Amino acid sequence: METKNIMIVGVGGQGSLLASKLLGYLLLKEGYDVKVSEVHGMSQRGGSVVTYVRFGDKVYSPIIDKGEADFIVSFEQMEAARYLPYLRENGRIVTNTQRIEPMPVITGAAAYPENLIAKLEEKGAVVDAMDCLTLAEEAGSSKAVNIVLMGRLSKYFDIPAEKWQQAIEALVPEKFRDVNLKAFELGRG
Amino acid sequence: MKELMLGNKALARGLYEAGCSVASSYPGTPSTEVTEEIAKYRDIYSEWAPNEKVAMEVAYGAALAGKRSMCAMKHVGMNVAADPMYTASYTGVNAGMVIVVADDAGMHSSQNEQDSRHHAIAAKLPMLEPSDSAEALSFAKAAYEISETYDTPVIIKMCTRIAHSQSVVETGERVCPAQKEYVRNPQKYLMTPANAIRRHPIVEARTKQLVALGNQCVIGNVRLNRIEWAEDREDPGENVANAPHPAEDGMGRVGIICDSTCYQYVKEVYGDSVDVLKIGLINPLPTTLIKDFAASVDEIWVVEELDPIIENHCKQMGLHVYGKDALPMEMEYSQNLLREAMGVDIPASVSLEEEIPARPPVMCAGCPHRGLFYTLHQKNVRVMGDIGCYTLGGAPPLFAMDNNLCMGASVSMLHGFNKACGEASEKQTVAVIGDSTFLHSGMTSLADIAYNQSNSTVIILDNSITGMTGHQQNPSTGLDIHGDPCGKIDLESLVRSMGIDRVKVVDPYDLSQCDAVLTEELAVAAPSVIISRRPCALLKTVGGRKVVHNKPLVNDPDKCVGCKACMRIGCPAISMKDKKAVIDRTQCIGCGVCRQMCKFDALVSTE
């Protein structure tokens, strides 16, 4: 199988590491070769963060380059727009519609772009946008945005929902398990 | 069992399986997790040292005593540790010693992107470069074999993409070799000139033996260097010289020599369609292997990040190679970068016409540095900066840092600046340095101020942790690498004992106190130290006790006039909506700094 590429983008501190951990765990169990690449350190302080997840028969590069991502999973809508160049032709964006203003917008040096979802679609991206924060809160924690997104992403994979749920059970501490399983279900819709 | 493992964790696993017994490091991205993972194996003694030089000397001492040891650091940390390392190369070791260094091409979290391979060449030490987690694990074992067989410390060089990428590994059991006996041997270990003179030729002979090892490619069951022949070519086996000369097959063959993460990019672009010489033992380079490989292809490319180490070696050998004339010396490589340089099609991609605002990292909501930095900005003082989270204070809207250089430099730069300019500078210049950075290498700089007497004002930002690298303990926190109680250096007593009489402690959440103390200490004609003390806002416990934050603040829209005064502190929890300030309650920890900015009492507690 040709290598498939999932990019997870968001704002430092939003919990993208758990999402990539979940995907890595699941895809390895499915028998694929997997690579997951993260960036730690400085960018975690509220900066723009990117995680690459790649899987297939044999994966070489740990990173995803422009025009290569089959999926961009975005925790924040402006981050989806920032990484649009990484999407391949006919690639899909799964994004949270939440807006988190970066410091240049807060200080007034820049404006937050409007109508981003429509603009992404105009460029040929297939966009699946949803208010993950509200769904996460409905599940019981605003921190479960990551698992809401994983729930939605799971719809586009041939892997049964139970396998995703088993992965969540294996990776999430017991006291947060129910919240995350609920978040997954709400995301999957 | 097959599992997905971070490169740094796999390296730690390999060191553990190989019987590493003593580990000492100073944290630094992207190397930190190696030691954090080592610390989870309680049959290894592990510690955070005050700095990399100390860590290396501890690891060296343990190897001398007869137990396998390690130390880990980021690339710039190796500069700090260079002094012991260069002479440890002469003395060699008793039991194996591994030095882990992690480079940061692309400067994800660093002030420069120096190439650590130069250190290996200059110190004449063998250096291994894994290309994924599985190699990080196996090279750790090979490193101890090389260390003990060739009597030398061995460097394992990681880079951000190997250190912070997860790939598949298979773990094994720990095999701990018996402790070697320590035998007093001044000719080997006491580096007086007379003894060192005799050790240097031994180092040169060792390098020749290591070149032979590189040509053989294998130590134990670990393959350090390897050729992967293209699929259309018959594998000549171990004897590369038997490979058909290109003139015989007339194919116009391209061969690529690469190392580290570049190997992955080469394979991503070309798969098995070109001949690849993958270098794992980067120093010393395998001269015969390179020569034979070169003879079996028509055109040679060298693909390596940062400096042309392999390329220059090839050129010294008289080979014609392509490399840095087409590929950059700076930043990380990628598959597209390679495609573009080597004339391969790049995948189509689109982007929006409008510019997407940047999202730079910022100081967290409730960060204790914010109140102090706002005061510095208000007073328009010159700020000699240092290395840590607080470097983010140099960004708008705080602009509270003029410069930074390396760990500990703020204090000595301040002294130099003040000696050059005298009173004019002394009254309007300060140094800011974190607690961990101060203990790393700011102490000796403060000794210079105390000894050579400049009227300098040094501010220690004591947030009770090493923040930037993800909350490691340090000698002033009173806890060890496991979070257990240990020795605790009292900063006030330390500073006073150096002869600095003026030591003030301020709460950075209190803007008027910060202003008053700064005004006084800048004016006084004596060396002074201000300790700005508040735990990092992200800490869940301090000194073993749970941190309880204040309730978040809320903006009263009836009182708020939309003057944006609260925005001047650059808190990511505050934004404007419909011309009124809005506080994000998921981020706000109720530090109250914004409240002191508001003249209309609009920001109120939700207690």
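Me: Great. What kind of model is this, and what ipTM and pTM does it score?
Reply: It is a predicted model. It scores ipTM 0.96 and pTM 0.97.

Me: And what is the mean pLDDT of chain B?
Reply: For chain B the mean pLDDT is 96. In that chain, 99% of the residues reach 70 or more.

Me: Nice. Which domains does chain B have in the assignment?
Reply: The assignment for chain B lists domain 1 (2–221), domain 2 (226–341), domain 3 (369–546) and domain 4 (553–605).

Me: How far apart are the C-alpha centres of domain 2 and domain 3 of chain B?
Reply: Those two centres, of domain 2 and domain 3 of chain B, lie 49 Å apart.

Me: Let's switch to helices. In chain B, how do H1 and H7 cross?
Reply: Helix H1 (residues 7–17) of chain B and helix H7 (residues 133–149) of chain B have axes that come within 7 Å and cross at roughly 30 degrees. Angles under 35 degrees count as roughly parallel, so H1(B) and H7(B) are roughly parallel to each other. Their crossing is right-handed.

Me: Which residues make that contact between H1(B) and H7(B)?
Reply: From H1(B) come Gly7(B), Ala10(B), Leu11(B), Arg13(B), Gly14(B), Leu15(B) and Glu17(B). H7(B) brings Ser133(B), Ala136(B), Leu137(B), Ala140(B), Lys141(B) and Tyr144(B). By class, the contact of H1(B) with H7(B) has 7 nonpolar, 3 polar and 3 charged residues.

Me: What about H3 and H5 of chain B, at what angle do they pack?
Reply: Helix H3 (residues 52–65) of chain B packs at about 20 degrees to helix H5 (residues 82–91) of chain B, and their axes are 10 Å apart. H3(B) and H5(B) are therefore roughly parallel to each other. This crossing of H3(B) and H5(B) is left-handed.

Me: Which residues of H3(B) and H5(B) meet there?
Reply: Lys53(B), Met56(B), Glu57(B) and Tyr60(B) of H3(B) meet Pro84(B), Met85(B), Ala88(B) and Thr91(B) of H5(B). Sorted by class, the contact of H3(B) with H5(B) has 5 nonpolar, 1 polar and 2 charged residues.

Me: Over to chain A. How do the axes of H5 and H8 cross there?
Reply: In chain A, the axes of helix H5 (residues 132–139) and helix H8 (residues 174–188) come within 8 Å and cross at roughly 140 degrees.

Me: Why does that pair, H5(A) and H8(A), count as oblique?
Reply: An angle has to be over 145 degrees to count as roughly antiparallel, so at roughly 140 degrees H5(A) and H8(A) are oblique to each other. The crossing of H5(A) and H8(A) is right-handed.

Me: And who touches whom between H5(A) and H8(A)?
Reply: On H5(A), Leu135(A), Glu138(A) and Ala139(A) meet Val179(A), Lys182(A), Ala183(A) and Leu186(A) on H8(A). The contact of H5(A) with H8(A) has 5 nonpolar, no polar and 2 charged residues.

Me: Last topic: is the peptide bond from Thr29(B) to Pro30(B) cis or trans?
Reply: The bond from Thr29(B) to Pro30(B) is cis, with omega near 5 degrees. Pro30(B) sits in the loop between strand E2 (22–25) and helix H2 (32–38) of chain B. The bond from Asn283(B) to Pro284(B) is cis too, with omega near -5 degrees. Pro284(B) is in the loop between strand E14 (281–283) and helix H13 (287–295) of chain B.

Me: What is phi of His471(B), and where is that residue found?
Reply: His471(B) has phi near 70 degrees, a positive value in a residue other than glycine. The residue His471(B) is found in the loop between strand E19 (457–462) and helix H20 (491–497) of chain B.

Notes. Residues are numbered from 1 along each chain as its sequence is written. Chains are lettered from A and ligands numbered from 1 in the order in which they are written. This is a predicted model: local features need pLDDT of at least 70, side-chain atom pairs count only at pLDDT 80 or more; totals for chains, interfaces and linings use all residues. Side-chain values use heavy atoms; hydrogens and water are left out. pLDDT is the predictor's confidence in each residue, from 0 to 100. Domain bounds come from an automatic or database domain assignment. Axes are lines fitted to C-alpha atoms, for helices over the stretch in contact, and angles run from 0 to 180 degrees between N-to-C directions. Helices (H or I, at least four residues) and strands (E, at least two) are DSSP runs, numbered from the N terminus. Angles under 35 degrees count as roughly parallel, over 145 as roughly antiparallel, 65 to 115 as roughly perpendicular and the rest as oblique. A crossing is left-handed if the near helix is turned anticlockwise from the far one by less than a right angle, and right-handed if clockwise. Contact means heavy atoms within 4.5 Å. Ala, Val, Leu, Ile, Met, Phe, Trp, Tyr, Cys and Pro count as nonpolar, Asp, Glu, Lys and Arg as charged, and the others, Gly among them, as polar.
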